[in-house]
Amino acid sequence: MSTTQSERLRGLLEPLVTSQGLDLEEIEVDSVGRKRVLRVVVDSDTGADLDQIADVSRVLSAKLDETDAMGEGEYTLEVGTPGAERLLTEHRHYVRATERLVKFQLAEGGELVARILKVDDEGVDTEVPGVKGRKATARRLAFDDIVRARVQVEFSRKDNKKEEEA
C-alpha cells in the first residue's frame, strides 16, 4: 500500500475508530490476484470485545462505501485486534503489556525475555525470570536501549495472586 493511500485511509478512518472509544493501531491493504483486503487493527487499554469490533466494522464500512478511498473494485474489510504476540511500537503498547512476558531485542546486542512490571516515560521496569531455581531479578530498560519488543504467549503461567490467596 502506498504511503499516500495509507495516510489517506488513516486520516479517514482514525476519527471514526476513536469515536468508538478505540485506538487505530494498523491499516494494511493486501492484494491477492484481483481480490483486495483492507485489514484494520484496533485496540484500547481494556481491549476490544466482539460487539465493539462489529460496531467499528459497520461504521468503517459505511464511510468507505460513501467515499472513493479504496478506489474502484471490490474489497473485503477485516477489523480485528492485535495478535497474541503483538509487536510493541508505541508507549501505550508497553502500558497494555504490563504483567506480560516480552522478548526484547537490545541495542547493545542480544535478547532479553522479561516480564514488564511498570512503564513510565523513559522506559520499563522488568522482572527477568530465574533459571534453574534462581530467583527472578529486576532490570530497568530505557526505551532507547530497546530495538524491538514482542509479547510472548504463555501457556502455563502461574498466577502469583491466586497462589498467595490459597
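**Figure 1. Overview of the protein chain.** Among contacts (heavy atoms within 4.5 Å) in the protein chain between residues at least 6 apart in sequence, 51% join residues at least 24 apart. This is a predicted model, in which local features need pLDDT of at least 70 and side-chain atom pairs count only at pLDDT 80 or more, while totals for chains, interfaces and linings use all residues. Residues are numbered from 1 along each chain as its sequence is written, and side-chain values use heavy atoms, with hydrogens and water left out. The secondary structure of the chain comes to 4 helices and 8 strands; these elements are DSSP runs, numbered from the N terminus, with helices (H or I) of at least four residues and strands (E) of at least two. Along the sequence, they follow the pattern α-β-β-α-β-α-β-β-β-β-β-α. The radius of gyration of the protein chain, taken over C-alpha atoms, is 19 Å, well over the 15 Å that the globule rule gives for 166 residues, so the chain is more spread out than a compact globule. The globule rule is 2.2 Å times the number of residues to the power 0.38. The C-alpha trace spans about 60 × 40 × 30 Å along its principal axes. Of the 166 residues, 30% count as buried; buried means under 20% relative accessible area, exposed means over 50%, and partly exposed lies in between (1.4 Å probe, protein chains only). The chain exposes about 10900 Å², of which carbon and sulfur atoms supply 46%; accessible areas come from the Shrake-Rupley method with a 1.4 Å probe, and for residues only the protein chains shown count as cover.

Figure 2. The buried residues of H2 are Ile53, Val56, Leu60 and Leu64. They cover an arc of only 70 degrees around the axis, which puts them on the same side of H2; the arc is that of the directions from the helix axis to the C-beta atoms. On the other side of H2, the residues Asp51, Arg58, Asp65 and Glu66 are exposed. At the start of the helix, a side-chain oxygen of Asp49 reaches to within 3.1 Å of the backbone nitrogen of Asp51.

**Figure 3. Arg39 in strand S2 (residues 35-43).** Arg39 counts as partly exposed, at 29% relative accessibility. A polar contact of 3.1 Å joins the side chains of Arg39 and Glu78. Such a contact is a pair of N or O atoms within 3.5 Å; within protein, one must be able to donate a hydrogen and the other to accept it, and residues adjacent in sequence count only if both atoms are side-chain atoms. Leaving aside its neighbours within four places in sequence, Arg39 is in contact with Glu26, Ile27, Glu28, Asp30 and Glu78. The C-alpha atoms of Arg39 and Leu77 are separated by 6.1 Å, although these residues lie 38 residues apart along the chain.

Figure 4. Leaving aside neighbours within four places in sequence, Arg96 is in contact with Asp23, Glu25, Asp43, Ser44 and Asp45.

**Figure 5. Lys132 and Phe143 in two loops.** Lys132 is found between strand S6 (123-128) and strand S7 (137-142). Lys132 is exposed, with a relative accessible area of 83%, and has a positive phi of about 50 degrees although it is not a glycine. Phe143 is found in the loop between S7 and strand S8 (146-151) and is partly exposed, at a relative accessible area of 23%. Leaving aside neighbours within four places in sequence, the contacts of Phe143 include His91, Tyr94 and Val119. The C-alpha atoms of Phe143 and Val119, 24 residues apart along the chain, are separated by 10.0 Å.

**Figure 6. Gln152 in the loop between S8 and helix H4 (160-165).** Gln152 counts as buried, at 19% relative accessibility. A polar atom of its side chain lies 3.1 Å from the backbone oxygen of Arg150. Leaving aside neighbours within four places in sequence, Gln152 is in contact with Arg100, Leu101, Val102 and Lys103.
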